[in-house]
Amino acid sequence: MALNLKALLGMLFVFIGCCSNVVFLELIIQIDPGAGNLITFAQFLFIALEGLVFTSKFFTVRPKIALKDYVILVALFFGANVCNNYAFNFNIPMPLHMIFRSGSLMANMIMGIVLLKKRYNLRQYSSVAMITAGIILCTLVSSGDVKDNTHHSLKVDTSYSEFFWWTVGIGLLTIALLVTAYMGIYQEVIYKKYGKHPSEALFFTHMLPLPGFLIMAGNIVQHFGIAWSSEPVAVPLLGAIGLEWKFPLMLFYLLCNVVTQYVCISAVYVLTTECASLTVTLVVTLRKFVSLMFSIIYFRNPFTMNHWLGTILVFFGTILFANVINQVRDAYRTRSSRKTSFDKAPLAKKVE
């Protein structure tokens with residue numbers, strides 16, 4: 001019973017943490033679309049500090065995985081996160097960003113075929129074709145309405161068009177997609193060698209890349225200045241006890257984004273340890289769909305019929321790849337047969 005409760009709480013916090021994380025991300029991007037490096041740094045710093053205290057216990061716990069084996073994993077993880085968040089600096093709207101990142105199965109299949117020489121069945125090839133078509137459709141539709149979303153204080157004259165910078169953003173998302181897929185394969189290699197230690201991996205993949213942010217320190221400081229000078233808002237909790245303290249709105253959103261990112265990652269970890277992969281796939285896919293709907297409705301992001309068609313292709317392709325329908329049907333049949341056997345048991349006893 002405790003296991004079921006833990007799984008249910010995991011599902012609940014996936015929706016609370018991951019969906020609210022996307023909301024705060026979009027609120028930040030609306031103020032300063034170029035804040036990607038600042039967001040990535042803040043997330044890495046927070047999770048690294050949490051891991052330092054509770055996982056590593058200030059480096060007193062000996063790591064199960066050799067640090068040299070973390071080097072490639074850390075480089076891949078750092079690169080993927082920087083590319084994903086920095087893409088907002090290149091006129092990428094939030095709905096397209098979410099749809100693009102939903103193409104991880106497509107990237108995983110490509111990497112599986114190229115690196116592991118894997119072979120897939122017709123259903124899997126068909127589902128990935130649907131996902132690819134959906135992403136391409138949404139990308140092409142979005143390319144017709146590209147707008148410069150650079151913060152007013154950072155606008156500069158450039159000989160390149162807004163469309164050119166948009167293609168740079170698409171390139172960054174594509175690189176992040178492929179790097180994330182390769183990272184998944186490399187994680188499997190490490191886990192086969194050392195066993196699964198997700199909490200430790202979470203800590204080291206966020207702690208070891210921190211010096212890498214020195215390369216983009218100027219950009220981070222610049223956008224922190226924008227965050228600090230954003231509209232001040234009163235802190236409700238302090239107001240309730242008679243204290244008046246105002247806090248920059250963008251920094252408040254950034255703090256909320258960092259905390260909800262941690263809740264999201266932790267909840268997904270609980271799901272992967274407590275639930276079957278089918279359940280995890282369904283919950284994560286549904287969560288992405290809810291986030292997309294909220295982004296379209298609440299933030300009034302432009303979304304045409306072609307966008308809807310592309311979205312349906314991506315999400316139904318994901319469901320098809322995971323073979324959700326057949327697995328649900330098989331689970332229902334198994335449950336029904338068990339119930340039938342249980343109902344017949346007393347009758348057999350009477351006959352005896």
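Cys256 is buried (under 20% relative accessible area, with exposed meaning over 50% and partly exposed in between, for a 1.4 Å probe and protein chains only), at a relative accessible area of 15%. The model is predicted, so local features need pLDDT of at least 70 and side-chain atom pairs count only at pLDDT 80 or more, while totals for chains, interfaces and linings use all residues. Residues are numbered from 1 along each chain as its sequence is written, and side-chain values use heavy atoms, with hydrogens and water left out.

The structure holds one disulfide, a term that denotes a pair of cysteine sulfur atoms within 2.5 Å. Its partners are Cys18 and Cys264, with sulfur atoms 2.0 Å apart. The link of Cys18 and Cys264 is right-handed, with 90 degrees about the S-S bond. Cys18 belongs to helix H1 (residues 2-31) and Cys264 to helix H11 (residues 249-274), so the bond ties together parts that are 246 residues apart in sequence. Helices here are DSSP runs (H or I, at least four residues), numbered from the N terminus. Both ends are buried: Cys18 has 4% relative accessibility, and Cys264 has a relative accessible area of 12%. Cys19 takes part in no disulfide. The nearest cysteine sulfur to Cys19 is that of Cys18, 6.9 Å away. Cys19 is buried as well, at 14% relative accessibility.

Charged pairs come next. Side chains of opposite charge can pair when their charged atoms come close. A salt bridge requires a side-chain nitrogen of Lys or Arg within 4 Å of a carboxyl oxygen of Asp or Glu. The structure holds two salt bridges. In one, Asp69 pairs with Lys68, the closest N and O atoms being 3.7 Å apart. In the other, Lys193 pairs with Asp69, and the closest N and O atoms are again 3.7 Å apart. The pair of Lys193 and Asp69 links distant parts of the chain. Lys193 lies in helix H7 (residues 162-194) and Asp69 in helix H3, 124 residues apart. Shared partners join Lys68, Asp69 and Lys193 into one network of salt bridges. Asp69 is buried, at 12% relative accessibility. Lys68, by contrast, is exposed at 61%, and Lys193 is exposed at 56%.

Helix H3 also holds Asn84. Asn84 is buried, with a relative accessible area of 7%. Contact is taken as heavy atoms within 4.5 Å. Neighbours within four places in sequence aside, Asn84 is in contact with His97, Arg101, Leu173 and Ala176. The C-alpha atoms of Asn84 and Gly169 are separated by 8.9 Å, and these residues are 85 apart along the chain.

A pair of aromatic rings is described by the distance of the centres and the angle of the planes. Rings of Phe, Tyr and Trp (its six-membered ring) pair if their centres lie within 6.5 Å; planes under 30 degrees apart count as stacked, over 60 as edge-to-face and the rest as tilted. By this rule the count comes to 22 aromatic pairs. The rings of Phe163 and Trp166 are stacked, because their centres are 5.4 Å apart and their planes stand at 25 degrees. Both residues lie in helix H7, three residues apart, about one turn of the helix. Phe163 is partly exposed, with a relative accessible area of 43%, whereas Trp166 is buried at 5%. The pair of Phe252 and Tyr253 is tilted, because the ring centres are 6.1 Å apart and the planes stand at 50 degrees. Phe252 is partly exposed, with a relative accessible area of 35%. Tyr253 is buried, at 15% relative accessibility. Ring pairs also link Phe41, Phe44, Phe77, Phe78 and Phe213 into a cluster.

The backbone was examined for positive phi. Most residues other than glycine have a negative phi, and most peptide bonds are trans. Lys57, a residue other than glycine, has a positive phi near 50 degrees. Lys57 sits in the loop between helix H2 (36-54) and helix H3 (67-86). Its side of the count is partly exposed, at 44% relative accessibility. Arg300 is not a glycine either, yet has a positive phi of about 55 degrees. Arg300 occupies the loop between helix H12 (277-298) and helix H13 (305-321). Arg300 is exposed, with a relative accessible area of 73%.

Key:
Helices (H or I, at least four residues) and strands (E, at least two) are DSSP runs, numbered from the N terminus.
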